[in-house]
Amino acid sequence: MSESKLAGQFFDAAIELLGRARDEESLNIAAAGAVIADAVEAGGRLFAFGAGHSSLAAQDVVYRAGGFALMNLLAVPGVVGVDVMPATLGSALERVDGLAGAVLDSSPARPGDVLVIISLSGRNALPVEMAMNARALGLKVIGVTSVAYAENTRSRHVSGTFLRDHCDIVLDSKIAVGDAELTHEGIEAPFAPASTVVTSALMQATMAAAAESLVARGVEPPLLRSGNVDGGHEWNGRVMAEYGDRIFFRH
């Protein structure tokens, strides 16, 4: 069986985007890592939020081997993933005014904490209001989004603004409007989205930068180990006990 030409083209496109993210966002990644390290060192908590497929990159840094135990998922019922029926309901909820404020008000987030908001387009009411309300509550906000959407589409929030307009630090995923890297004769719609690959890489790079910043200050990063290696459960038990008041996914 011969190899797939289109599969190879997708890898090439993803690798090019990853290279751009590495080279063009390096300073912002370091700055975001320092903000996270500041919160960890000061006794703060970490939260990540994403709606729809953007939630995948948020979930990727919560409760996993090699990740920070303090990173918590800020979940909004109905918009995390495609587990609601119909799936289109999740997209509709992203456009509901006031939902973000209600979620934050009922969350454990407090001044000095960090919230990473992931939204590819950054144009819907939910991520925009999430960022606005979080900053008003005294949280530091890191936005992971595609700046191309802010430059080539219209905001769906009443303010006319995008996620990027309400963040302390913005990480640009470089994804083109439409999130599809390939076209091919005989296929009418563009296909092969790369946003999850790039956004997850930006998140993991940021957490690596945070670990680097902490160790430079003489602070051990609160990392989890795999439960599938010897001693992993015991290690994680100690981490959970030490940082239990800043971890919310286990309750």
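**Core and sheet**

Modeller: In this predicted model, the largest nonpolar core holds 44 residues, and those touching the most other members are Ile36, Leu46, Phe68, Val114 and Ile142. Helix α8, which spans residues 195-216, gives the most to this core, contributing eight residues.

Colleague: Which residues does isoleucine 36 touch, once residues up to four places away in sequence are not counted?

Modeller: A contact here is a pair of heavy atoms within 4.5 Å, and on that basis Ile36 touches Leu46, Phe68, Val114 and Ile142, together with Thr206, Met207 and Ala210.

Colleague: In what order do the strands of the open sheet lie?

Modeller: The five strands follow the order β2-β1-β3-β4-β5, and their pairing is parallel. The edge strands, each of which pairs on one side only, are β2 (71-73) and β5 (169-172), while the twist from one strand to the next averages 20°.

Colleague: Over how many bridges do strands β3 and β4 pair?

Modeller: Strand β3, residues 114-118, and strand β4, residues 140-145, pair in the parallel sense over five bridges; valine 114, for instance, has lysine 140 in β4 as its bridge partner.

Colleague: Which strands does helix α2 touch where it packs on the sheet?

Modeller: Helix α2 (residues 26-41) touches β1 (46-50), β3, β4 and β5, and the direction of helix α2 makes about 135° with that of β5.

Technical notes. Residues are numbered from 1 along each chain as its sequence is written. This is a predicted model: local features need pLDDT of at least 70, side-chain atom pairs count only at pLDDT 80 or more; totals for chains, interfaces and linings use all residues. Side-chain values use heavy atoms; hydrogens and water are left out. A nonpolar core is a set of buried Ala, Val, Leu, Ile, Met, Phe, Trp, Tyr and Cys residues joined through side-chain atoms within 4.5 Å. Buried means under 20% relative accessible area, exposed over 50%, partly exposed in between (1.4 Å probe, protein chains only). Helices (H or I, at least four residues) and strands (E, at least two) are DSSP runs, numbered from the N terminus. Two strands pair if DSSP finds at least two bridges between them. Axes are lines fitted to C-alpha atoms, for helices over the stretch in contact, and angles run from 0 to 180 degrees between N-to-C directions.
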